[in-house]
Amino acid sequence: MELEKIKLAIVGLGYVGLPLAVEFGKICPVKGFDTNKTRIHKLKAGIDVTNELTGEDLNQASLLEFTDNISEISECNYFIVTVPTPVDNQNRPDLTPLLGASKMLGSILKKGDIVIYESTVYPGCTEDDCVPVLEQYSQLKFNEDFFCGYSPERINPGDKFRTVSTIKKITSGSTPEVAEVVDGLYSLIIKAGTHRAESIRVAEAAKVIENTQRDVNIALVNELAIIFNLLNIDTQAVLEAAGTKWNFLPFRPGLVGGHCIGIDPYYLKYKAQCLGYHPKIISAVRQLNDDMGRYVVAQFLKALIAKKIQIVGANILILGLAFKENCSDLRNSRVVDIVSELKGYKCNVDIYDPWIDPKEAVLEHGVDMVDQLKSNHYDGIILAVAHNQFKEMGFKQINELGKSNRLIYDLKYVLSKDEADIRL
């Protein structure tokens, strides 16, 4: 790759796009584009509200410029699309952001340009759904006038060790020559190396099954936890014992949220159903994992009753709202399921999470948070997310938040077996 010929635009500056833009911005001119004007304003001021990158990280990308003006990226010849691919309220793929980005790029596309998608999709989406939009709005012909690539993101929000440059990257292109160009582009920043897939469809499928596989494994452990609870056996003790075998996979039970594991299997399921096949395992896994919030609340309420704690009007504290520990990502957090269930039983619910902006909690999930914890106030405490701050609090400080007759439910094994009243 000749750096002086690269004019790159990253479209979408969220958890995926921003780290990518920063890495490229260290070596070649990059335009970081996002339609969110507030986001652009803060990034220009050196502030990343996701807390994934510091101001120092942003300053290291001396060749990176931020913009919300489409005309400012029109001279670029490489476009990497990193917009969200959510599901709707029926768990069907919502391609609105992806097709909107394609429409926008189509309006500025030129001969010889390459559009690379990173958003997680079902196999065939790039060429069957996005390319026609690019052709329609550009009036150019695919694989003659412009080209496409697909390189699925592998960003792990909150992970300060496995960063974008240290994770091996799958690459692909719409022709063998373009595949080589796309691979060369990413090779400029990916220290861990690349894997060139034989086609865009293969690359799309590889990405969507990565998280589907994790979903299946977590569902198995969740079901085992339900069984072991019925048998009055501690799940963690069982997993630790089984984990002494060299090939036992170290999965743990819990809520399955986030923008990847809790979403991606629905994309594969949708595509399979379009082809006349109803996936049995994927469907069962998604139902089981989506139901875990209700299961947790049922166990919690039974335990409250056993301690003769009145459910209606009970003061409940939930520690953690983010979808995973030590990050501020609220997307598809299943802790919200617990909140909703408890409020349905007329409990008074306080939510505390030091990683989350209260305004974001209202915007994303319509829930209010507290910024201070009350001593000797709560009938029940649910440790929902294993943030380091909660681990540092330890049993003594957490216990002091509860009344003399209180219940602690530890979903994430933050406390020892003897300190928690119940565990998942």
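**Exercise 1. What volume does the second largest pocket have, and which residues lie nearest its centre?**

Step 1. The second largest pocket has a volume of about 1,200 Å³. A pocket is an open set of points on a 1 Å grid over the protein atoms alone, with protein on both sides within 12 Å along at least five of seven lines. A volume is the space filled by probe spheres set on the points, which are joined across faces, edges and corners.

Step 2. This is a predicted model, in which local features need pLDDT of at least 70, side-chain atom pairs count only at pLDDT 80 or more, and totals for chains, interfaces and linings use all residues. Residues are numbered from 1 along each chain as its sequence is written, and side-chain values use heavy atoms, with hydrogens and water left out.

Step 3. The lining (residues with an atom within 4 Å of a point) holds 40 residues, and Asn156, Arg214, Ile261, Lys324 and Glu325 lie nearest the centre of this pocket.

**Exercise 2. How many cavities of 30 Å³ or more does a search of the whole structure find?**

Step 1. In a cavity, a 1.4 Å probe fits but cannot get out.

Step 2. The search finds 1 cavity of 30 Å³ or more, and the largest cavity holds about 60 Å³ of space.

Step 3. Among the residues lining the largest cavity are Val16, Leu20, Glu118 and Arg154.
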